[in-house]
Amino acid sequence: MARLGKRPPADTLGGPALKRALTTPLLYFFILGDVLGAGVYVLVGQVAADAGGAVWVPLAVALLLAMLTAASYAELATKYPRAGGASHYATRAFGPFVGFVAGFCMLAAGIVSVAALARGFGGDYLSAFVTLPVGLVAVLFLALLALVNARGIKESTRANVVATVVEVGGLLVIVVLGAWLLLRGDGDVARLGQLGTPEKGAAAAVLSGSVLAYYSFVGFETSVNVAEETRDPRRSYPRALFGALATAGAVYVLVGVAASVAVPTDRLAGSSGPLLEVVEEAGGVPTRLFSAIALVAVANGALLTGIMSSRLAYGMARDGLLPAALTRVLPGRRTPWAAIAVTTVLSMLLALTGSVATLASTLVLLLLVVFLIVNTAVLVLRRDPGEADKEAGHFRAPTVLPVLGAASCVVLATQIEAEVWLRGLLVVAVGTVLAALAAVRRAGGGADRAGRG
């Protein structure tokens, strides 16, 4: 284990500082755009299948659990305001081995997320236009996204701005339609209190539904990478982070209420395009129009996550943690085509071998591993003065929050099915082996340098 408070090598701390250009409002919208994504468009029905008619309850519980871990990220991001995220924090607290495992789990989670969204793209929303095999659609969809990703980051981020506005507008449409149904007396308010299924009691149903609902809130953890570019991160980052999560949570809970009121639980649970069911029940909005909005949302989420995954794979390869072949880039565009190709093929394989619910649960399991490491790292690093401005200090979460955050990760992990655990443990095992190999290479490099000296 690395000695506490020991600074990383000079090459990781050196280099020019990034420009501090992000204000609190800009950072708030950055995080909000990252969190408000495609997950809720696809998973509301799966949450209903696990929890019953009161879909809003698991969404609210997932928000509270996400806030616990967000507190740990807020402390670490303001204490160490530089890019690196969970891998950087884990390396400082527990050494490079655990840091590698955390980074690898983040990479794997991104690949799994893209696979889940690809299957969601080929479901009921697409069926409003054409009926095709979901597996075929997923493969073609991922191939197209890879081409967009390879074309360049500028084109991808421009598309994201438009798509984010569209997907948030779609969620607000659902909230308005739910209110309209209630006003005209067609909604069933009784479903808002129906918790549990024939197989599960209320408590077990809420926990099981919260695992899937948790998927809708992921994304906030990637915002730590821009803390170095934020003005006064000690104040700005916590305000923007908690404000964005609260806003996303409010929107999601209202969407859950609208879906529960508008659509019978069995029908909601059986749909791969659950919000389209709300539109059909309420009327007034063309189903094809809303399907197009949902498809844009899903495509945007997959594109952003694909960009993150390919760049993370490229960065890990450049640092010698993954095969060097992943560092190859297109001569003109300078985009990491090898990393894009490999992460896309892996997403294709996963999309062909798992359902949306299974893939979403696998993603959550991998992130729970990362979040458990982050919550415990906060406590371990309390004795480290950190890198923040000594006079200004940094955000400090009450000790109970990281403790509860770590406990929540364990509790949610117990609700994940055996099939998902098998997939997740396989990924963690691969990451552990690669981390061991990287440690051997580092040790060999150190021995070589010592011998030459």
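How many nonpolar, polar and charged residues are in the lining of the second largest cavity? Point 3 comes back to this.

1. A word on the model. This is a predicted model, in which local features need pLDDT of at least 70 and side-chain atom pairs count only at pLDDT 80 or more, while totals for chains, interfaces and linings use all residues. Residues are numbered from 1 along each chain as its sequence is written, and side-chain values use heavy atoms, with hydrogens and water left out.

2. The largest cavity. On a 1 Å grid over the protein atoms alone, a cavity is a set of points where a 1.4 Å probe fits but cannot get out, and lining residues have an atom within 4 Å of a point. Counting those of 30 Å³ or more gives 2 cavities. The volume of the largest cavity is about 130 Å³, where volume means the space filled by probe spheres set on the points, joined across faces, edges and corners. Its lining has 17 residues, with V114, N149, A302, G306 and T344 closest to the centre. Helix α14 gives the most to the lining of the largest cavity, 6 residues (helices are DSSP runs of H or I, at least four residues, numbered from the N terminus). By class, this lining has 9 nonpolar, 8 polar and no charged residues; Ala, Val, Leu, Ile, Met, Phe, Trp, Tyr, Cys and Pro count as nonpolar, Asp, Glu, Lys and Arg as charged, and the others, Gly among them, as polar.

3. The second largest cavity. Its volume is about 30 Å³, and V42, L43, A116, L117, Y215 and V356 line it. Here is the reply to the opening question: the lining has 6 nonpolar, no polar and no charged residues.

4. The second largest pocket. A pocket is an open set of grid points with protein on both sides within 12 Å along at least five of seven lines. This one holds about 490 Å³ of space. Of its 22 lining residues, F104, A108, I111, L346 and V427 lie nearest the centre. Helix α15 supplies the largest share of the lining, 6 residues, and the classes divide into 19 nonpolar, 2 polar and 1 charged.

5. The largest nonpolar core. Such a core is a set of buried (under 20% relative accessible area, 1.4 Å probe, protein chains only) Ala, Val, Leu, Ile, Met, Phe, Trp, Tyr and Cys residues joined through side-chain atoms within 4.5 Å. The largest has 128 residues, and L275 is among those with the most contacts inside it. Beyond its neighbours within four places in sequence, L275 is in contact (heavy atoms within 4.5 Å) with residues including Y41, L171 and F290.

Methods: Helix = DSSP H or I, 4+ residues; strand = E, 2+ residues; numbered from the N terminus. Buried < 20%, exposed > 50% of the residue type's maximum accessible area, 1.4 Å probe, protein only.
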